[in-house]
Amino acid sequence: MGMSQVISILVAAVLVGVIAWWFLGKHEETAEAATGNSQEQSATVVVKGGYSPSTIVLKKGIPAKLNFDMKDSTACLSHVVFDKLGVNEDLTKQPVTTVDIPTDKAGEIDFACGMNMFYGKVVVK
């Protein structure tokens with residue numbers, strides 16, 4: 001086996017490891033509580049290579065809005081989809097897109113990009 005073959009095998013092994021980590025590894029999630037008062041609450045999610053924060057905590061019973069601040073032109077992140085709510089918003093139409101979130105029940109509401117590759121969730125407590 002020649003040196004070029006050994007290098008090729010090593011490069012391939014490193015690439016397989018990186019791909020496995022990206023798709024299977026546990027990545028750090030950021031969580032943030034919404035701000036507001038007893039009448040309304042809101043949080044801003046920055047869309048840049050994913051969602052930051054990826055978890056938003058809301059208070060049950062207080063009307064809530066999520067503001068998606070688009071900072072990434074990736075086609076995948078151009079839409080945010082809330083399957084449970086039937087929401088599919090195009091984030092490219094304006095710099096900040098607001099989504100109303102129901103807070104009448106405690107629980108989790110997942111959201112994802114249009115291609116279902118990047119995820120986030122809303123936790124209503």
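Author: Let us start with Val46, which sits in strand β3. Keep in mind that the model is predicted.

Is Val46 buried, exposed or something in between? Its relative accessible area is 30%, so Val46 counts as partly exposed. The cut-offs explain the label: buried means under 20%, and exposed means over 50%.

Next, look at what Val46 touches. Set aside residues up to four places away in sequence. Val46 then touches Tyr51, Ser52, Asp69 and Lys71. Now look along the chain to Gln5. Val46 and Gln5 are 41 residues apart in sequence, and their C-alpha atoms are separated by 44 Å.

Stay in β3 and move to Thr44. Strand β3 covers residues 41-47, and Thr44 belongs to it. With a relative accessible area of 38%, Thr44 is partly exposed. Beyond its neighbours within four places in sequence, Thr44 is in contact with Ser52, Pro53, Asn67 and Asp69. Ser52 is a contact of Thr44, and Ser52 is also touched by Val46.

Where does Asp69 sit? It is in strand β6, residues 64-70. The relative accessibility of Asp69 is 17%, so it counts as buried. That follows from the cut-off, since buried means under 20%. Thr44 and Asp69 are 25 residues apart in sequence, yet their C-alpha atoms are 6.8 Å apart in space. Which residues does Asp69 contact, leaving aside neighbours within four places in sequence? They are Thr44, Val45, Val46, Val47, Pro95 and Val96. Thr44, Val45, Val46 and Val47 in that list fall within the 41-47 range of β3.

Now return to Ser52 and Pro53. The peptide bond that joins them is cis, with omega at about 0 degrees. Pro53 is placed in the loop between β4, residues 51-52, and β5. Most peptide bonds are trans.

Strand β5 covers residues 55-58 and runs parallel to β11, residues 119-124. How many bridges join β5 to β11? There are four.

Gly107 is bridged to Val124 in β11. This belongs to the pairing of β10, residues 107-113, with β11. Those two strands are antiparallel and share six bridges.

Most residues other than glycine have a negative phi. Asn116 is partly exposed, with a relative accessible area of 45%.

Strand β10 also pairs with β7, residues 79-82. Here the strands run antiparallel, and two bridges join them. Val80 is bridged to Cys113 in β10.

Now step back to the whole chain. It has one helix and 11 strands. Along the sequence, the pattern is α-β-β-β-β-β-β-β-β-β-β-β. The radius of gyration is 19 Å, well over the 14 Å that the globule rule gives for 125 residues, so the chain is more spread out than a compact globule. Its C-alpha atoms fill a box of roughly 70 × 30 × 25 Å along the principal axes.

What share of the 125 residues is buried? The answer is 33%. Contacts tell another part of the story. Take those between residues at least 6 apart in sequence: 53% of them join residues at least 24 apart. The pair Thr44 and Asp69, 25 residues apart, is in contact.

Finally, the surface and the charges. The chain exposes about 8,200 Å², and carbon and sulfur atoms supply 58% of that area. There are 11 positive and 13 negative side chains. The centres of the two sets lie 5 Å apart.

How values were computed: Residues numbered from 1 in each chain as written. Predicted model: local features only at pLDDT ≥ 70, side-chain atom pairs only at ≥ 80, totals over all residues. Heavy atoms only, no water. Pairing = 2+ DSSP bridges. Rg over C-alpha atoms; globule rule 2.2 N^0.38 Å. Buried < 20%, exposed > 50% of the residue type's maximum accessible area, 1.4 Å probe, protein only. Contact = heavy atoms within 4.5 Å. Areas by Shrake-Rupley, 256 points an atom, 1.4 Å probe, with all protein chains shown as cover. Lys, Arg positive; Asp, Glu negative; His and termini not counted. Charge placed at Lys NZ, Arg CZ, Asp CG, Glu CD.
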